[in-house]
Amino acid sequence: MRVLITTVTCTAGIVMLRWLDTSPRMNVLAISGSLRATSSNAALVRAAARLAPSTIAIEIYAELAALPHFSPDLDVAPLPGPVAELRAAVGRCDAVMITTPEYAHGMPGSLKNALDWLVSATGPIDKPVLLISASPGGAAHAHAQFSEVLRTMSMRLVDGGAHVFSRAKLDGDGNVVDKALLASIRAGLAQLAALERSPPA
Ligand SMILES: Cc1cc2nc3c(=O)[nH]c(=O)nc-3n(C[C@H](O)[C@H](O)[C@H](O)COP(=O)(O)O)c2cc1C
């Protein structure tokens, strides 16, 4: 919500009016499932950070490659540092955004590894998660797999769609310029915010 407040400047006797945004901020942890330096899925996460309204703060998680391979034997105190940091980041955010490519009609192992580390944590439970998949072939298989995994982890899924991706959807600096893709990110963030405001069933 925006409320109008006044500021009085004494010297010139002028009353300045300005808007103050009083809406609570939603903090979103955004994770790209690609480790590639020029990843299009990382570009989607950056686009979300650019598009997000002032009521949504996007924190980009960039430590996927630092996570050890999941083993229940390592899932004991003290946790490996990168795992503890991932769990803390998921625990303190209000919602999660995941973008993912598809590999061999499946989910990227690095992202599934991160989710496996989160299965025994409480942070993801009932947390809204926006899933957007993007690959040249449309990523329908990876999207379906991650949808199932996220629901199994008791996260509240916002389906951001599985998208056919080509380099033509990026500009020369690697930023997403495709209008339809930008619109679906914007719509996904709005749905995420609405879900975050509603209590879990
Ligand atoms: C090993 C491998 C397997 C792939 N398998 C698929 C696939 O099954 N379906 C698809 O749409 N794209 C597939 N791709 C293409 C990637 O999804 C594509 O390169 C995508 O842009 C990677 O995402 P990124 O740009 O975020 O790194 C594959 C790429 C690699 C390297």
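Which strand is joined to β3 by bridges, and how many bridges are there? Strand β4, residues 56-61, is joined to β3 by six bridges, and the two strands run parallel; I speak of pairing where DSSP finds at least two bridges between two strands. In this arrangement Met 26 stands opposite Ile 56 in β4.

Before going further, two remarks on conventions. The model is a predicted one, in which local features need pLDDT of at least 70 and side-chain atom pairs count only at pLDDT 80 or more, whereas totals for chains, interfaces and linings use all residues. Residues are numbered from 1 along each chain as its sequence is written.

Let me begin with the overall layout. The protein chain contains five helices and seven strands, where helices (H or I, at least four residues) and strands (E, at least two) are DSSP runs numbered from the N terminus. Along the sequence these elements follow the pattern β-β-β-α-β-α-β-α-β-α-β-α. The chain has 201 residues, of which 33% are buried; buried here requires 20 or more other C-beta atoms within 10 Å of a residue's own, exposed requires 12 or fewer, partly exposed lies in between, and the C-beta atoms are placed from the backbone. Among the contacts in the chain with a separation of 6 or more, 73% are between residues 24 or more positions apart, a contact being two C-beta atoms, placed from the backbone, that lie within 7 Å.

Returning to β3, six of its seven residues are buried, so this strand is largely enclosed by the rest of the structure. Cys 93 is itself buried, with 22 other C-beta atoms within 10 Å, and, leaving aside residues up to four places away in sequence, it touches Asn 27, Val 28, Leu 29 and Glu 59. Cys 93 and Leu 29 are 64 residues apart in sequence, yet 6.1 Å apart in space from C-alpha to C-alpha.

Now the helices, starting with α2, residues 81-92. Its twelve residues should span 16 Å at 1.5 Å a residue, and its end C-alpha atoms are 17 Å apart, which agrees; the expected span is 1.5 Å times one less than the number of residues. The buried residues of α2 are Val 83, Leu 86 and Val 90. They cover an arc of only 65 degrees around the axis, which puts them on the same side of α2, the arc being that of the directions from the helix axis to the C-beta atoms. In general, an α-helix has 3.6 residues a turn, so residues three or four places apart point the same way. On the other side of α2, Gly 81 and Arg 92 are exposed, while the buried residues pack against β3 (26-32), β5 and α3 (109-118).

In α3 the buried residues are Leu 111, Ala 114, Leu 115, Trp 117 and Leu 118. Seen down the axis of α3, they fall within an arc of 155 degrees, so they line one face of the helix. The elements covering them include β3, α2, β5 and α4.

Helix α4, residues 140-152, has 13 residues and reaches 18 Å from its first C-alpha to its last, close to the 18 Å expected at 1.5 Å a residue. Its buried residues are Ala 142, His 143, Phe 146 and Leu 150. These cover an arc of only 95 degrees around the axis, which puts them on the same side of α4, and they pack against β5 (95-100), β6 (128-135) and β7 (156-164). The face turned away from that buried side carries the exposed residues Glu 148, Arg 151 and Thr 152.

Some backbone details deserve a look. Just after α4, Ser 154 takes a positive phi of about 65 degrees. His 105, in the loop between β5 and α3, has a positive phi of about 55 degrees although it is not a glycine. The peptide bond from Ala 77 to Pro 78 is cis, with omega near -5 degrees, and Pro 78 lies in the loop between β4 and α2.

Finally, the ligand. Of the 16 residues around the ligand, Ser 34, Asn 41, Pro 101, Ser 135 and Gly 137 come nearest, and a residue counts as near if its C-beta atom, placed from the backbone, lies within 6 Å.
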